[in-house]
Amino acid sequence: METRKDDMEKRNDKSEPLLLPENGSDVSEEASWMVYLSTIIAVCGSYEFGTCVGYSAPTQFGIMEELNLSYSQFSVFGSILNMGAVLGAITSGKISDFIGRKGAMRLSSVISAIGWLIIYLAKGDVPLDFGRFLTGYGCGTLSFVVPVFIAEISPRKLRGALATLNQLFIVIGLASMFLIGAVVNWRTLALTGVAPCVVLFFGTWFIPESPRWLEMVGRHSDFEIALQKLRGPQANITREAGEIQEYLASLAHLPKATLMDLIDKKNIRFVIVGVGLMFFQQFVGINGVIFYAQQIFVSAGASPTLGSILYSIEQVVLTALGATLLIDRLGRRPLLMASAVGMLIGCLLIGNSFLLKAHGLALDIIPALAVSGVLVYIGSFSIGMGAIPWVIMSEIFPINLKGTAGGLVTVVNWLSSWLVSFTFNFLMIWSPHGTFYVYGGVCVLAIIFIAKLVPETKGRTLEEIQAMMIFRKSKELWHENVL
């Protein structure tokens, strides 16, 4: 090992890139049952994330009636989740670096559970908002640490599919709130949000910590034990362990990461990719479309509850059958491109339905046009833009920058989510069809951004992906993976 480190230090002194094996034939490509168990435990946090986001829609009138809240008071209750999530995102990177990925998930589950219990017991708007803020903090942290943990434990051939389970369980959590909320009151629904917190908290005691984090903090024996558990007792982990150790050894020569490192010339394009994907994920208008979906279904003569259940099921099915099964076959970029194009079509369909309605034209086809637009839009979002930005975020940043950079892009995501939700009604007052044409224009910009800047990370180890960030001669490798 010392010889390998010395060789690498010599390469660094010459400013030459450490190009990791192209095929990685000596690296274990198999996952033991522990990888799957660890992923299932981790995505309980994703499910919790979905329940937090989906809770307010089916409970609005029940909460307002029982607690005598005004529309403005309930709006505070709904939106304060985002404020808690922003704070959770800001602190998520440092927390997961300090107490580990499992420690961050445990802490988030406790905070979220406390928030749900406060909501359940609330007798007025103040405790209700405080409980909602706590659940927001928990899901803000989970939105960062869950995809990072999954990416760090997964073999490269399975990493995309397993990481996409994060988004799948988010939409399952959303759908469950609509389904359960249709038959129980808002207090009982709050208690159902505690269940995934309990499973996540206790489940993390039965799975290994991220091997990369263990090696980063100097727990070398625990690193090898964890990696062996994740690859299976018969797997040869020598090459994979060596590559991880060499990569982290190279990072040890670098100064501690700061915010200024994010704008360093060797890191900036990956920060641009991470921030850009999170920006476009929200500013294509997903929250606005979901927010207005019930009213669109009403205008089409369909039940809003049935419509909500319909598009929730569509999200689950397409996330499961689309991105989860195809991401490691077709790659990240093709799915992102297809997703952005599909959302553009959906926006145009919805926008045209409003334009026709405003001019009193083709009234018979307006309902079908609007409903099909919503379903095309949400279905397209589910196969790419919903899940893949989180997958790429978990892959592109080196472990010494992962906390700082990952926290930044997660904050951008939550702030963008809040801004889209806040401005949607103002845009609709200005022009209903213009609103969706604006979102369609953002989809066009997203297509250009993906085509020009987003690298393909399919089939590469995390170390191979992140080597593009560290060495001066990474420009050629970047263009090779983008073009």
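Biologist: How many disulfides does the structure hold?
Modeller: The structure holds 0 disulfides, where a disulfide is a pair of cysteine sulfur atoms within 2.5 Å. This is a predicted model, so local features need pLDDT of at least 70 and side-chain atom pairs count only at pLDDT 80 or more, while totals for chains, interfaces and linings use all residues. Residues are numbered from 1 along each chain as its sequence is written, and side-chain values use heavy atoms, with hydrogens and water left out.

Biologist: Is Cys 52 buried or exposed? And Cys 139, buried or exposed?
Modeller: Cys 52 is buried, because its relative accessible area is 0%. Cys 139 is also at 0% relative accessibility, so Cys 139 counts as buried. Buried here means under 20% relative accessible area, exposed means over 50%, and partly exposed is in between (1.4 Å probe, protein chains only).

Biologist: What share of the chain do buried residues make up?
Modeller: Buried residues make up 58% of the 483 residues.

Biologist: OK, confidence. What is the mean pLDDT of the chain?
Modeller: The mean is 81, and 81% of the residues reach 70 or more. pLDDT is the predictor's confidence in each residue, from 0 to 100.

Biologist: Where is confidence lowest, and where is it highest?
Modeller: Confidence is lowest in helix H1 (residues 2-13), with a mean of 41, and highest in helix H8 (residues 194-203), at 97. Over residues 1-28 the pLDDT stays under 50, and the model has 48 contacts beyond four places in sequence for them. Contact means heavy atoms within 4.5 Å. Residues 471-479 also have pLDDT below 50, with 21 contacts in the model beyond near neighbours in sequence.

Biologist: How many helices and strands are in the chain?
Modeller: The chain has 21 helices and 0 strands. Helices (H or I, at least four residues) and strands (E, at least two) are DSSP runs, numbered from the N terminus. Among contacts between residues at least 6 apart in sequence, 83% join residues at least 24 apart.

Biologist: What span should helix H19 have?
Modeller: Helix H19 (residues 432-453) has 22 residues, so at 1.5 Å a residue it should span 32 Å, and its end C-alpha atoms agree at 32 Å apart. The expected span is 1.5 Å times one less than the number of residues.

Biologist: Which residues in H19 are buried?
Modeller: Among them are Gly 434, Phe 436, Tyr 439, Cys 443, Phe 449 and Ile 450.

Biologist: Switching to Thr 410. Which helix is it found in, and what is it in contact with?
Modeller: Thr 410 is found in helix H18 (residues 399-430). Because its relative accessibility is 0%, Thr 410 counts as buried. Leaving aside neighbours within four places in sequence, Thr 410 is in contact with Ala 89, Gly 140, Ser 143, Phe 144 and Trp 390.

Biologist: And Ser 312, what does it touch?
Modeller: Not counting residues up to four places away in sequence, Ser 312 touches Ala 175 and Phe 178. Ser 312 lies in helix H14 (residues 304-330) and counts as buried, because its relative accessibility is 2%.

Biologist: Now the rings. How many aromatic pairs does a search of the whole structure find?
Modeller: The search finds 13 aromatic pairs. Rings of Phe, Tyr and Trp (its six-membered ring) pair if their centres lie within 6.5 Å; planes under 30 degrees apart count as stacked, over 60 as edge-to-face and the rest as tilted. Tyr 55 and Trp 116 form an edge-to-face pair, 5.1 Å centre to centre with 75° between the planes. That pair links distant parts of the chain, 61 residues apart: Tyr 55 is in the loop between helix H2 (33-54) and helix H3 (56-67), and Trp 116 is in helix H4 (residues 71-121).

Biologist: Which residues form one aromatic cluster?
Modeller: Tyr 55, Phe 74, Phe 77 and Trp 116.

Biologist: What sits over the ring of Phe 77?
Modeller: The charged end of Arg 132 does, 5.1 Å from the ring centre. A charge sits over a ring if NZ of Lys or CZ of Arg is within 6 Å of the ring centre and within 35 degrees of the ring normal. Likewise, the charged end of Arg 106 sits over the ring of Trp 205, 3.6 Å from its centre.
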